Amino acid sequence: MKITVEEHPGLAQTEVVIRCPRLDAGTTRLVELLQLSNARLTGEREGETCLLDAGQVLYIDTVDRGTFLYTGEGVYETRLRLYELEEQLAGREFVRASRSTLVNFAQVRSLRPELGGRLRLTMANGEIVIANRQYVPAIKAKLGL
């Protein structure tokens, strides 16, 4: 892969152009990572609303009618519902792991099969998230299996 960066002071915003002989899995992943780096989420913690880069979110979980964003720095509550976040993050590295959990696949350190067809996902910070067997095929598709 050849990478070229050109500086143009007159441009209003950064533009990324990808030229490839064919669109393959590696190129698609590169596009997803670029889109993820541009996504922003809002979360509240200690009465303060914070802007978070989607890439720093490890996983999103719904507990007792509240939706929470888990990062390496802490937990943030969001007013958005899980399905709204799933739509907002579609085409990015997030994948459904259970009925109440979305996982940032870029933050998964390792996977391990569990009993009953489930998967144990170890996140970058060491936390464990269990993926239900209903969602395992989507995770395996992300792996290219």
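A residue counts as exposed when its relative accessible area is over 50%. The views below show a predicted model.

**View 1. Glu46 in the loop between β1 and β2.** Strand β1 covers residues 40-45 and strand β2 covers residues 48-53, with Glu46 in the loop between them. Glu46 has a relative accessible area of 79%, over the 50% cut-off, and is therefore exposed. Its phi is near 55 degrees, a positive value in a residue that is not glycine.

**View 2. Arg65 in the loop between β3 and β4.** Arg65 is also not a glycine, yet its phi is positive, at about 65 degrees. The relative accessibility of Arg65 is 82%, so this residue counts as exposed.

**View 3. The one aromatic pair of the structure.** The pair is formed by Tyr59 and Tyr70, whose ring centres lie 4.4 Å apart. Their planes are at 10 degrees, and planes under 30 degrees apart count as stacked, so this pair is stacked.

**View 4. The largest pocket.** The space in this pocket amounts to about 880 Å³. Its lining consists of 23 residues. Those nearest the centre of the pocket are Thr4, Glu15, Val16, Val17 and Ile18. Sorted by class, the lining of the largest pocket holds 11 nonpolar residues, six polar residues and six charged residues.

**View 5. The second largest pocket.** The volume of this pocket is about 330 Å³. It is lined by 14 residues, and Thr62, Thr67, Arg81, Leu82 and Tyr83 are the closest to its centre. Strand β4, strand β5 (75-78) and helix α2 (82-88) each contribute at least two residues to the lining. By class, the lining of the second largest pocket comprises three nonpolar, five polar and six charged residues.

Terms used. Residues are numbered from 1 along each chain as its sequence is written. This is a predicted model: local features need pLDDT of at least 70, side-chain atom pairs count only at pLDDT 80 or more; totals for chains, interfaces and linings use all residues. Side-chain values use heavy atoms; hydrogens and water are left out. Rings of Phe, Tyr and Trp (its six-membered ring) pair if their centres lie within 6.5 Å; planes under 30 degrees apart count as stacked, over 60 as edge-to-face and the rest as tilted. On a 1 Å grid over the protein atoms alone, a cavity is a set of points where a 1.4 Å probe fits but cannot get out, and a pocket is an open set with protein on both sides within 12 Å along at least five of seven lines; lining residues have an atom within 4 Å of a point. Grid points are joined across faces, edges and corners, and a volume is the space filled by probe spheres set on the points. Ala, Val, Leu, Ile, Met, Phe, Trp, Tyr, Cys and Pro count as nonpolar, Asp, Glu, Lys and Arg as charged, and the others, Gly among them, as polar. Helices (H or I, at least four residues) and strands (E, at least two) are DSSP runs, numbered from the N terminus. Buried means under 20% relative accessible area, exposed over 50%, partly exposed in between (1.4 Å probe, protein chains only).
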